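Colleague: I have not looked at this one before. Can you walk me through it?
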Amino acid sequence: MKKLTTKQFNDFRAECLRLQKEWGLTGWKLYFVFKPFENHYAECDIDLEGHLATIRLSSELKDDVLEPNNILSHAKHEMIHILLGRFAEIAYNRFIDKKTTIEAEEEVVRILEKLL
């Protein structure tokens, strides 16, 4: 395990913010945390109703993750969790109607139209 630098964390944060803008997720308020934690390199907690997300990057990672492209890949991974957050919420809730599912699908489709 090696410690990440503040620059690496800033690169991770900048990539998340770049993807937020590129993917049209600008209605989300993103918070970032940089501290050691076990079991994950990065993780994201989402408050769907408030459109808030806390993205955490562990300050200690395995050597193979320290490559810049790997850190940016983790940023992309966490932003995909935000993109799909509404679908995850629907999956956890057993009382969602078809209209809500269709609306969530359309949100993602509109974003993917811009990207693909």
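Modeller: Let's start with a pair of strands. Strand 3 and strand 4, residues 52-57, run antiparallel to each other and are joined by 6 bridges. This is a predicted model.

Colleague: Which residue is the bridge partner of D47 in strand 4?

Modeller: D47 has L52 as its bridge partner there. Further along, C44 stands opposite I55 of strand 4.

Colleague: And how many residues lie between the strands in that hairpin?

Modeller: The hairpin of strand 3 and strand 4 has 4 residues between the strands. H51 takes a positive phi in this hairpin, near 50 degrees.

Colleague: What about strand 2 and strand 4, parallel or antiparallel?

Modeller: Strand 2 and strand 4 pair in the parallel sense, over 6 bridges. In that region K29 stands opposite L52 of strand 4.

Colleague: OK, so what is the strand order in the sheet?

Modeller: The order is 2-4-3, in an open sheet of 3 strands with mixed pairing. Strand 2, residues 29-34, and strand 3, residues 42-47, are the edge strands, and each of them pairs on one side only. On average, neighbouring strands of this sheet are turned by 15 degrees against each other, with direction ignored.

Colleague: Which strands does helix 1 touch?

Modeller: Helix 1, residues 6-22, packs on the sheet and touches strand 2, strand 3 and strand 4. The direction of helix 1 makes about 160 degrees with that of strand 2.

Colleague: Back up a bit. How many helices and strands are there in the chain?

Modeller: The chain has 4 helices and 5 strands. Starting at the N terminus, the elements run β-α-β-β-β-β-α-α-α. The C-alpha trace spans about 45 × 30 × 20 Å along its principal axes.

Colleague: Now the other helices. At what angle do helix 3 and helix 4 pack?

Modeller: Helix 3 and helix 4, residues 98-115, pack at about 160 degrees, and their axes are 9 Å apart. That angle makes helix 3 roughly antiparallel to helix 4, because angles over 145 degrees count that way.

Colleague: Is the crossing left-handed or right-handed, and which residues make the contact?

Modeller: Helix 3 passes helix 4 in a left-handed crossing. On the helix 3 side the contact is made by R86, F87 and I90. Helix 4 contributes T100, T101, E103, A104, E105, E107 and V108.

Colleague: How many of those contact residues are nonpolar, polar and charged?

Modeller: In the contact of helix 3 with helix 4, 4 residues are nonpolar, 2 are polar and 4 are charged.

Colleague: Last topic, confidence. What is the average pLDDT, and which element has the lowest mean?

Modeller: The average pLDDT of the chain is 86, and 92% of the residues score at least 70. Helix 3, residues 85-92, has the lowest mean among the elements, at 79. Strand 2 has the highest, at 96.

Terms used: Residues numbered from 1 in each chain as written. Predicted model: local features only at pLDDT ≥ 70, side-chain atom pairs only at ≥ 80, totals over all residues. Heavy atoms only, no water. Pairing = 2+ DSSP bridges. Helix = DSSP H or I, 4+ residues; strand = E, 2+ residues; numbered from the N terminus. Axes fitted to C-alpha atoms, helices over the stretch in contact; angles between N-to-C directions. Contact = heavy atoms within 4.5 Å. pLDDT = per-residue confidence, 0-100. Parallel < 35°, antiparallel > 145°, perpendicular 65-115°, else oblique. Left-handed = near helix turned anticlockwise from the far one by under 90°. Nonpolar A, V, L, I, M, F, W, Y, C, P; charged D, E, K, R; others polar.
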